[in-house]
Amino acid sequence: MEEITGLANTVLDTQFIRAVISNPRQKEGIIKVKVRPLRKKGKLLFQFESFTAKQAFHTNLEREKAAEQFASYMRQFRQAQIDTVDAEYTVLISKKGKAAIRKKQRSVKARPADLSHNRKKRYILEEGTAVPFLQDLGVMTEDGKIVRTKTDKFRQINRFLEFIEDILPRLDRGREITIIDFGCGKSYLTFAMYHYLHNMKDYDIRIIGLDLKEEVIDHCRKLTEKYGYEKLTFLAGDIADYEGTGQVDMVVTLHACDTATDHALAKAVRWDAKVILSVPCCQHELNMQLSAHLSGGSSGTEKHGGDAPLYQAAEMLAPVMDYGLLRERFAALITDGLRAKYLESMGYDTQVLEFIDMDHTPKNILLRAVKRDAGKQKGDKAGRDIIKCE
């Protein structure tokens, strides 16, 4: 395990964010280990939180001992995921104990870890500080307290702003930045973006929110006038038909239903947007195609040909395809995987991230794509034909 100890010595510093050690070799005993940095009495320590089925145990170690402990745990587990400010590491251990270490450099640096011992969750929009749009949207009371039934929404808004915070280095401070929010709905996150970037970070931004519902757009317009947000505009219309601008720096699409997400991604790529943030929703298209092939029964092979990719996939995955709920979830994951690969093929470093805890909403996958620098290529061109919306 010398290579694991060496890796631990490399990553365990102030740039270390977290590590999760998982997939134990034994079913009993410790089933998972989490590692995080902390500063206690002026010393940089690393806390190992080990979990059994019923308990959790904590140990704080200095760097050298922590590296040894990390390697020791890896003898009991098959996998580890390590996050640092600059990179992500995946460690896989074979049955024979051979280690494979994969490193992925971040295109955008992550925030350093909070080193305080007794950590309190840091929110960008803090409770106790009144924010007008949160009050009008029913998330916050007049004195700045979070409405109990809107706690999940408050966390969702702050989580989204954390993703925005990560990509700030990619936004040019020397000119007006254009952001489009496709399928903005009630615009909790649209107002949050404007408040954070314009009021808190002093960026020169123009944000356009687009949605099909006229009554929702009218309400958002009234709030915009109330707050004096001069460069926040709301329009009623379809994503597929929108041609209101020729250049966009960032495209946001949150819960745009089914192929509306694909239209938004295709437009973002056409505009050469520097950043794309997308939380897909209701991915029905591939599920309907799978269902159509399945409903054909044995005649499906004759109708579509023995080498029809979808039909063959359905045959191979019969244990999943025979159950509607499983087929729907499988189709959603495949759809989002294809979208991520499409963006990779079009010159974007793409991450698939957890937007909010599954307990709050099952629609919790966020695709974050950042345009690669000129001359920096990755992947092949196969994904370019995945999305054909325009």
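Partly exposed denotes a relative accessible area between the limits for buried (under 20%) and exposed (over 50%), computed with a 1.4 Å probe on protein chains only. The model is predicted: local features need pLDDT of at least 70, side-chain atom pairs count only at pLDDT 80 or more, and totals for chains, interfaces and linings use all residues. Residues are numbered from 1 along each chain as its sequence is written, and side-chain values use heavy atoms, with hydrogens and water left out.

**View 1. Salt bridge between arginine 270 and glutamate 243.** The closest N and O atoms are 3.0 Å apart; a salt bridge is a side-chain nitrogen of Lys or Arg within 4 Å of a carboxyl oxygen of Asp or Glu. Arginine 270 lies in helix H7 (residues 259-270) and glutamate 243 in the loop between strand E10 (232-236) and strand E11 (250-257), so the pair ties together parts 27 residues apart in sequence. Helices (H or I, at least four residues) and strands (E, at least two) are DSSP runs, numbered from the N terminus. Arginine 270 is partly exposed, at 43% relative accessibility.

**View 2. Salt bridge between arginine 18 and aspartate 83.** The N to O distance is 3.1 Å. The pair links strand E1 (residues 16-24), which holds arginine 18, to strand E5 (residues 77-84), which holds aspartate 83. Arginine 18 is partly exposed at 41%, whereas aspartate 83 is buried at 12%.

View 3. Aspartate 166 is buried, with a relative accessible area of 12%. Its side chain makes a polar contact with that of arginine 368 at 3.1 Å; such a contact is a pair of N or O atoms within 3.5 Å, where, within protein, one must be able to donate a hydrogen and the other to accept it, and residues adjacent in sequence count only if both atoms are side-chain atoms.
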